[in-house]
Amino acid sequence: MKDKLLPILIIFSALIFIFRLFWLQVINVDETQFSKKNSIERVYQYPERGYIFDRNNNLLVGNESFYDLMITPKYLKQIDTVEFCNILKIKKSELIDKIKKAKKFSQLKPSVFLSQISKKDFAVIQEKLWKYSGFSITRKSNRKYVINSASNLLGYISEVNDYEVKDNSYYESGELIGRQGLEKSYENKLRGLKGVKYYQKDKFNRVIDSYKNGTLDSIYVQAKDINLGIDINLQTYGDSLMINKFGSIIAIEPSSGEILSLVNAPSFDPNLLIGRSRSKNYLKLKNDSIGKPLFDRGLQGQYPPGSTFKLVNGLIALQEKVINEKTIISCNEGHFYSRKRFMRCHCEIGTKNNLNKAVYNSCNTYFANIYKQTIEKYPDSKIGINNWKKHVESFGFGTYLGYDHPIGQPGLIPGSNYYDQWYPNGGWKAATTISNGIGQGEILTTPIQLANLTAIIANRGWYKTPHFVKNISNDSIDSKFNEKKYTSIDSIHFEKIIKGMFDVVEKGTAQNAKIKGIQVAGKTGTAENFIKINNKRLQLTDHSIFIGFAPKENPKIAIAVFIENGYWGTRWAAPIASLMIEKYLSKEIKRKYLENYIINGNLMEEYKKPYLNTNFKINE
Amino acid sequence: MNEINLKKIDLPTILGVVFLIFLGLLNIYSTVHADNLVAPFSLENPFGKQIIFVLISVLLFFFIQSLPFKFFERFASIAYVISMLSLLGLFIFGKNINGATAWYQIFGFGFQPSELAKPITALALAKFLSDLNANIRTVETQFYSFLIIFIPILLIILQPDPGSTLIFLSFFLVFYKIGLPSIYMNFFIGFIILFFVTILFSKESIILFVLIISFLTVFYFLKNKKSIKKIIIYSFVFSIFIFSVDFIFNNIFEQHHRDRFNIVMGIQQDNRGIGYNTNQSKIAFESGGLFGEGFLNGTQTRGNFVPFQHTDYIFSAVGEEWGFLGATLVICLFAFLMLRISKRAEMQRNLFSKIFSYSTATIIFSHFFINIGMVLGLVPTIGIPLPFFSYGGSNLIGFVLLVSIYIRLDSQRTSKW
C-alpha cells in the first residue's frame with residue numbers, strides 16, 4: 001500500500017479528470033449551450049411581418065413602428081427625476097424600481113426600460129433624451145389594424161412566453177409570435193425567417209469581430225403577405241347589422257369554400273390588443289361575462305341547429321329512400337310519435353304536406369316522421385342511428401371541419417354510443433331520439449358548420465373545406481382547401497330540397513328575406529335553449545337562425561346567421577341574411593327600411609334577463 | 001563518476017517536460033494574443049516574457065546537469081537556510097500583489113521565493129531523512145521532519161498564500177512512503193473526508209455516524225483488545241475534529257473561503273460573484289466540445305472571459321481550443337510524467353535521490369491535482385499554477401529546477417557509490 005499510494009492517486013485523479021472533461025465537453029453538450037456562451041453575440045434582423053389584405057386587396061393589417069426606451073445602467077448620470085418622470089409619465093418609485101431591475105440584469109448590456117412607446121410619446125421623449133445619458137431608443141415594429149373589425153378572426157401577436165422559448169428553438173424571449181386567430185395559424189408565413197449575425201465579444205461586452213468570419217450568419221427571409229377570402233365591405237356591413245345583438249354571421253363562397261365574412265357580435269377593436277395596454281384591455285374583454293367578446297360565436301358557439309337541420313334529415317330520408325318528393329304526411333297540429341307522446345306543430349289540423357310544402361312550412365310532424373322512418377328502416381335502432389350519423393357527419397357536422405383558424409368546436413352528433421350511455425339497459429329507440437328530427441334534442445352545431453351545410457346544398461352535394469386565406473404571396477394555400485368533398489347524399493336529391501328552400505323565401509316562413517331580382521333559397525330555424533345559472537336550468541328566448549344562399553342557380557354566397565335569443569328565425573336572422581346577400585351581390589341596399597329596422601334593433605334587454613335575479617318571460 | 005551518463009539520462013521525462021512547456025507557450029500565446037497590441041516577442045507581452053523564462057530554464061537545466069552529484073546533498077542545508085531567509089525577507093522587502101506579499105521586484109521582473117522553496121525544501125528533507133541516524137518512525141525524526149516543512153508553511157501562510165501551503169503539506173505523502181506510521185495518514189485522510197462531510201451535513205449527525213461505525217467495529221473486533229483501544233481513540237479524535245471543523249468553518253474562515261467551499265460542494269451557486277471564475281472556466285470547456293474550437297479560435301479565450309487564464313486557468317484554454325482530446329492528452333502526459341518519476345524513484349537505491357525523486361513526483365502531483373481540479377470545478381478555488389504550463393517565471397524556473405535535479409540524480413541511479 002505504501003509503495004503504491006502515489007501511483008494510485010495519480011491514476012485515480014487522472015481518470016476522474018478525464019471523466020469530468022468527458023462530462024463537460026461531450027455528454028453535457030445541449031443545444032442551448034450556444035446561447036449560454038457569453039462570448040458570442042447574436043444580432044437578429046427581422047423581416048417586416050407580412051400584411052393581411054381582404055379578397056379585394058384592401059389592407060386589413062399592416063405594421064407600425066413603435067419605440068423602446070433602453071437603459072444601460074453603467075452610463076447613468078445624475079438626472080432631473082421630476083422632469084424625467086413627467087415626460088415618461090411614470091412615478092418616481094417606478095423609475096427607481098426599473099433602474100434597479102436594469103442594474104440587476106446587467107451594468108453594460110442595454111435592457112428595455114419602457115416598451116412600446118407610441119409615436120406621439122416618442123416625439124416628446126426624443127427631444128429631451130440628450131439630457132439623460134444611459135438612455136437610448138430602439139425602433140421596433142408592431143401590428144397596426146386598419147379596420148375595426150374581425151378581431152377574433154385576425155387574432156393578435158404578443159411576446160413569446162417562457163414556455164414557447166423553451167419549446168421552440170426559433171423564438172427568443174422578447175420576440176413576437178402570432179398568439180391567436182390567423183396571426184397564429186399563418187405565423188410561419190407572416191413572420192418570415194429572421195436573419196442572424198454572430199459577433200465575437202470580449203468580457204467587456206465589446207464586439208471584437210465577426211464570429212467564424214460570418215460563415216454561420218444568415219440573411220432573413222422576407223415574410224409573406226396574405227389575401228383573405230373575407231370581403232371587408234361585407235364584413236363591416238355585417239358588423240353594423242349586428243349592433244346591439246349577440247350572434248354570428250358566416251358567409252361562404254360555395255364554389256371555393258372561401259369565407260366571405262365571419263361576423264361576431266359583440267366585437268371589439270383589434271387595436272386594443274397591441275401596445276402597452278394590451279394586457280389591461282385583454283383582461284377587460286375577458287371579464288365581460290355577458291357579452292364574451294373573446295368568444296368566437298361563429299367558430300366556437302355550439303347551439304342546437306333548430307329547423308335548419310330538417311334539410312339534412314330530408315336529404316338523408318331521400319337518400320335512404322324512405323320517402324320521395326311526392327310522399328305525403330298529414331299533420332294535425334302535431335302528431336303522436338309514440339303511444340302517449342305528442343310533438344306539436346304549427347300546421348293546422350288536416351294539413352297534408354309533401355316534401356316541398358314541409359320544407360317551406362317547416363313542418364315538425366313531417367321531419368320527425370321521416371327521421372323516425374330513417375332510423376326504423378333498419379332492424380336495430382343502433383344500426384339505424386349510426387347510419388344516420390354517418391350521413392350527418394359527411395356534411396362536416398360533429399367535426400372541427402379543418403379550416404385554417406386555431407379555434408373551433410366540433411358540436412355534437414349523437415350516435416348509438418351516446419344513447420347507450422344515457423340508457424345503459426338499452427331502453428331507447430327511434431322515438432326516444434325524435435327531437436333530432438327537427439334539430440333539437442342532443443344535436444349541437446356551430447354556425448360555421450351551418451354555413452358549410454348551406455354551401456353544400458348550394459353546390460348540390462359537395463363542399464370545399466371552408467378557409468379564410470384566399471392566397472399567399474409567392475406561395476400556395478394548403479391543397480386540402482382545393483379538394484371537393486362529397487357528402488353521402490346523391491346530387492339529384494338536393495334539387496328537391498332547394499325547391500323547398502326557394503319556396504321558404506317565396507311563400508314560406510321567411511318571405512322577408514326576398515330580394516328583388518335575386519333568387520334566394522333559405523331555411524329558418526328557431527332553437528330552444530337553456531342555460532344553467534346557480535344549478536337551475538332556465539329556458540331562455542329561442543335563438544333566431546337562418547341559412548340561405550343566392551342566386552338559386554350558380555350560387556355566389558351561402559350564409560348562416562345566428563342571433564342569440566332572437567326568437568324565431570324570421571324575426572332577425574332571415575332579414576339580416578337577406579341584407580348580407582343583397583350587399584354582396586348588388587353592392588347596394590335598396591330596402592332601406594329593413595336595413596334601418598335591423599340596425600336599430602336592440603336585444604340587449606333580452607341578454608340581461610337571466611342576470612336580473614328575477615323571474616322573466618321568454619319569447620316575447 | 002561525476003560525468004553525465006547520457007545513456008542513463010531519463011530522456012522520456014525531459015521530452016515530456018519539453019512538450020508540456022511547448023504546449024504551455026502555445027496556450028499562453030492564445031490567451032494573451034487577442035487583447036495585446038504589443039508584438040508577441042516584446043517583453044511587454046506575457047508571451048515574450050515567458051519565452052525569456054524558458055530560455056533561462058534551458059540554461060538552468062544544463063547548469064544543473066554539469067554540477068557534481070554530491071553537490072546537492074552537500075548544499076541542501078545551506079540552500080534551505082537561504083531559501084527560508086528569502087521568505088522571511090519578504091516581510092521587509094516584499095511587494096504586495098493581489099493581496100499577498102509573495103514577491104520581490106527585481107529589474108522589472110517579479111520573483112516569488114516560495115516557488116524555489118519547494119524544490120529546496122525537498123532537498124533539505126531528502127538530506128535530513130537519508131541520514132543514517134534518521135528514522136521516520138521515531139518521534140524525534142518526525143519532529144524535525146515536520147519542522148522542516150512547517151517553517152516554510154508558517155512563512156508562506158503569513159504572506160498569505162494558502163495554495164502554496166497545501167503543496168508543502170503534500171510532503172506527508174513522502175513521509176508516509178518512507179515509513180511514517182500509518183496512523184498519521186489515517187488521521188490525515190480521515191480529517192479531509194470529515195472536513196467536507198461536516199460542511200455538507202450537520203455535525204451531530206456525522207458524530208452519530210462515526211460513533212455507530214466505531215461501535216460496530218468494536219463489536220466485530222471484540223477479541224482483539226488492541227484494536228478496540230485504537231478504534232476508541234480514532235472515534236474520539238474524529239469527534240473532536242468534527243467539532244473543530246464546524247468551529248473553524250463558521251468562526252475562523254472568512255466568508256469568501258466559505259463561499260469557495262460551498263460552491264464546489266454545490267451548497268451554493270453564484271455565477272456572477274465568487275463562482276464567476278469557475279463558471280467561466282466550465283463554459284470554456286463546454287464550448288470546446290470533443291475536438292475543440294481550434295488554436296486561437298476559442299471564443300471564450302479570445303473574449304478573455306476566464307479570469308487569470310494565462311496563469312492559474314491556463315487549462316481552460318486547452319479545453320476550449322483543443323477540446324476533450326487535447327485536454328485528455330495533457331492529463332495523460334502529466335500522468336505519464338508523474339508515474340515515470342515515481343517509478344524511477346522506487347528503483348533508486350540511493351536514499352537521498354530516492355526521497356528527492358519521490359518529492360518531485362509528489363510536488364508535481366499536488367499542483368496537478370489542485371490546479372486541474374479547480375479549473376474543472378471539482379476543488380475549491382485555490383491559486384496554484386499548473387506545472388510547466390502556467391505563465392510565470394518563478395514557478396517555471398522552480399519546476400525546471402526540481403526536474404533538473406531529479407534528472408541529475410536519476411542519471412546516477414545504478415552506479416555504485
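## An antiparallel sheet in chain A

In this predicted model, strand E21 (residues 536-550) of chain A runs antiparallel to E20(A), and 12 bridges join the two; strands, like helices, are DSSP runs numbered from the N terminus, with at least two residues (E) for a strand and at least four (H or I) for a helix. Within this pair, Ala527(A) has His543(A) of E21(A) as its bridge partner.

E20(A) and E21(A) belong to an open sheet of 5 strands in the order E12-E11-E22-E21-E20, with antiparallel pairing, where two strands pair if DSSP finds at least two bridges between them. Strand E12 (258-265) and strand E20 (521-533) of chain A are the edge strands, each pairing on one side only.

## Where chains A and B meet

Between the chains, 32 residues of chain A are in contact with 37 residues of chain B, contact meaning that C-beta atoms, placed from the backbone, lie within 7 Å. On the side of chain A that touches chain B, H1(A) supplies the largest share, 16 residues.

## A residue of chain B

Leu11(B) and Ile407(B) are 396 residues apart in sequence, while their C-alpha atoms are 8.8 Å apart in space.

## Basis of the description

Residues are numbered from 1 along each chain as its sequence is written, and chains are lettered from A and ligands numbered from 1 in the order in which they are written. Local features need pLDDT of at least 70 and side-chain atom pairs count only at pLDDT 80 or more, whereas totals for chains, interfaces and linings use all residues.

Key:
Two residues are in contact if their C-beta atoms, placed from the backbone, lie within 7 Å.
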